[in-house]
Amino acid sequence: MAWRCTGATNAELINNLAKHHIIHSERIQAAMTKVDRAHYIRNKWEAYEDAPQPIGYGATISAPHMHAHALQNLQPYLRPGARVLDVGSGSGYLCAVIHQLVTDEEHNKLGTVVGIEHIPELTEWSIENLRRDGLGKAIDSGHLQMVAGDGRKGYPPVAPYDAIHVGAASPTMPYTLVAQLASPGRMFIPVGTEMQQIIQVDKDENGEVTEKELFDVMYVPLTDKDKQYY
């Protein structure tokens, strides 16, 4: 059904995701509407297709419906003032949407979003995209941080994170990332090789960790720079 969500404009794309009950939160719909996907992909004429798009270096930007699923799942932890890590941040799109959700300037609750990507050229491009989208102030203040590095190791300087999103499939559960979750906190991650599933990882107030299988997917693998770079 997701292909039906393709629109002629960003607003139409997001409205279609809501119409087909992929988005069922007004907060998520509002945040995604504020971030125009055309700023974050290579081929502008494909910006509003509900499909993954190549962004170079063997990387992709996920289909809008997958971003919507991730945001809906993580929403309880995407509160104003929250700290969030996006592993495999690519073009910076999801970081921009999450920034909208964790920022409440009126009440001075400014969250921190860290995007980590192991291809330095993509990291630089994502910063250009975010600035083009009017988020230069958030980058300059450190509330939006785009880092070049191995996302499988997380990013300890800003940990613990209220929410972690992983945008590529890990062959096994990366417990280094689990360790960087706050208590409470949640991670949304695809796990597997030939067969992949989205796993919801929850850490409660006492640090107890539970895993829940959500649905089958097919993502590019979470790998190192040398294997992906071309």
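Modeller: Let's settle one word before we look around: contact means heavy atoms within 4.5 Å. Keep in mind, too, that this is a predicted model.

Colleague: Fine. How many helices and strands does the protein have?

Modeller: There are 8 helices and 11 strands. The radius of gyration is 16 Å, close to the 17 Å that the globule rule gives for 230 residues, so the protein is as compact as a globular protein of that length. Along the principal axes, the C-alpha atoms fill a box of roughly 45 × 45 × 35 Å.

Colleague: And what share of the residues counts as buried?

Modeller: Buried means under 20% relative accessible area. By that cut-off, 55% of the 230 residues are buried.

Colleague: Now a single helix, please. How do I read which way its residues face?

Modeller: Start with the general idea: an α-helix has 3.6 residues a turn, so residues three or four places apart point the same way. Now take helix α2, residues 26-34, where Ile-28, Ala-31 and Met-32 are buried. They cover an arc of only 95° around the axis, which puts them on the same side of α2.

Colleague: Which residues are exposed on the other side of α2?

Modeller: Glu-26 and Lys-34 are exposed there.

Colleague: What covers the buried residues of α2?

Modeller: The cover includes three helices: α1 (10-19), α3 (64-74) and α4 (93-102).

Colleague: Thr-33 is in helix α2 as well. How should I read that one?

Modeller: Thr-33 is partly exposed, with a relative accessible area of 36%. If you leave aside its neighbours within four places in sequence, Thr-33 is in contact with Asn-10 and Ile-14.

Colleague: Can we try a loop residue too? Where does Ser-89 lie?

Modeller: Ser-89 sits in the loop between β3 (83-87) and α4.

Colleague: Is Ser-89 buried or exposed?

Modeller: Ser-89 is buried, with a relative accessible area of 6%. Setting aside neighbours within four places in sequence, Ser-89 is in contact with Cys-95, Gly-115, Ile-116, Glu-117 and Met-146.

Colleague: How do contacts look over the whole protein?

Modeller: Consider contacts between residues at least 6 apart in sequence: 57% of them join residues at least 24 apart.

Colleague: Last one: how many charged side chains are positive, and how many negative?

Modeller: The protein has 20 positive and 28 negative side chains, and the centres of the two sets lie 2 Å apart. As for the accessible surface, the total is about 10500 Å², of which 51% belongs to carbon and sulfur atoms.

Technical notes:
Residues are numbered from 1 along each chain as its sequence is written. This is a predicted model: local features need pLDDT of at least 70, side-chain atom pairs count only at pLDDT 80 or more; totals for chains, interfaces and linings use all residues. Side-chain values use heavy atoms; hydrogens and water are left out. Helices (H or I, at least four residues) and strands (E, at least two) are DSSP runs, numbered from the N terminus. The radius of gyration is taken over C-alpha atoms; the globule rule is 2.2 Å times the number of residues to the power 0.38. Buried means under 20% relative accessible area, exposed over 50%, partly exposed in between (1.4 Å probe, protein chains only). Accessible areas come from the Shrake-Rupley method with a 1.4 Å probe; for residues, only the protein chains shown count as cover. Lys and Arg count as positive and Asp and Glu as negative; His and the chain ends are not counted. The place of a charge is taken as NZ of Lys, CZ of Arg, CG of Asp or CD of Glu. The arc is that of the directions from the helix axis to the C-beta atoms.
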